[in-house]
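Biologist: I have a new model open on my screen and would like to learn how to read it. Could you take me through it, starting with charge?

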Amino acid sequence: MVMGEASAYAPGDLIAYEIPLRWGNESATAQDITALLRTLVTETGIYSSDRISQVMGMLLVRVDPTALEETASTMDDRALGILRCFAQPYTDENPRPLLRGFCFLDEDRLRLYLTTAEAPGAIAVDVRPANATTALLASLPSLLDEEQYWTDDDSDPHCTHVVNLTDW
């Protein structure tokens with residue numbers, strides 16, 4: 001992973017991080033890498049000189065994940081985890097329901113726009129990333145048809161109805 005300021009193009013302005021994809025007996029997840037990168041860019045002086053060298057004109061840091069303190073996940077991390085479940089599900093089949101889009105309605109309210117073969121148009125689903133979402137995401141396909149969770153949002157022209165699962 002190579003990182004630097006958005007305007008950086010010269011190798012001397014970039015830092016390359018060599019991150020192992022397995023930590024002990026476990027494979028690193030996308031959430032693990034995100035948390036690790038957050039730690040790397042926010043803390044200074046966390047590596048001794050024997051883990052730092054040069055490659056292609058860039059500073060190279062060989063990362064030892066076991067030597068870093070784990071950082072707490074942010075609301076954006078949790079929202080990204082929800083989105084990843086729909087955009088890149090761990091299945092060979094096409095995802096059901098299909099994610100068409102999303103937007104944040106506030107810091108802890110994420111609106112997902114989903115489509116299913118059974119419903120015309122997009123269905124908006126409001127969830128709270130701060131809540132435990134594993135069971136919710138697993139149950140979501142069947143909850144889309146539960147009219148008790150349906151609400152109207154005339155201000156949103158992108159959906160046929162809203163399924164409010166913020167307190168589910």
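Modeller: Gladly. For charge, Lys and Arg count as positive and Asp and Glu as negative, while His and the chain ends are not counted. The place of a charge is taken as NZ of Lys, CZ of Arg, CG of Asp or CD of Glu. Here the protein chain carries 11 positive and 27 negative side chains, and the centres of the two sets lie 4 Å apart. Two notes before we go on. This is a predicted model, in which local features need pLDDT of at least 70, side-chain atom pairs count only at pLDDT 80 or more, and totals for chains, interfaces and linings use all residues. Residues are numbered from 1 along each chain as its sequence is written, and side-chain values use heavy atoms, with hydrogens and water left out.

Biologist: How many helices and strands does the protein chain have?

Modeller: Helices (H or I, at least four residues) and strands (E, at least two) are DSSP runs, numbered from the N terminus. The protein chain has three helices and eleven strands, in the order β-β-β-β-α-β-β-α-β-β-β-α-β-β. The radius of gyration is taken over C-alpha atoms, and the globule rule is 2.2 Å times the number of residues to the power 0.38. That radius is 20 Å for the protein chain, well over the 15 Å that the rule gives for 168 residues, so the chain is more spread out than a compact globule.

Biologist: Which residues of helix 2 are buried?

Modeller: Buried means under 20% relative accessible area, exposed over 50%, and partly exposed in between (1.4 Å probe, protein chains only). In helix 2 the buried residues are Asp77, Ala79, Gly81, Ile82, Leu83, Arg84 and Phe86. They pack against helix 1 (30–42), strand 7 (98–106), strand 8 (109–115), strand 9 (123–127) and helix 3 (134–143). Contact means heavy atoms within 4.5 Å.

Biologist: What does valine 127 touch?

Modeller: Valine 127 lies in strand 9 and is buried, with a relative accessible area of 1%. Leaving out residues up to four places away in sequence, valine 127 touches Ile82, Asp108, Arg109, Leu110, Leu112, Leu136, Leu165 and Thr166. Among these, Ile82 is also one of the buried residues of helix 2.

Biologist: And methionine 56: is it buried or exposed?

Modeller: Methionine 56 is exposed, with a relative accessible area of 71%. Its place is in the loop between strand 5 (52–55) and strand 6 (58–62). Phi of methionine 56 is near 50 degrees, a positive value in a residue other than glycine.
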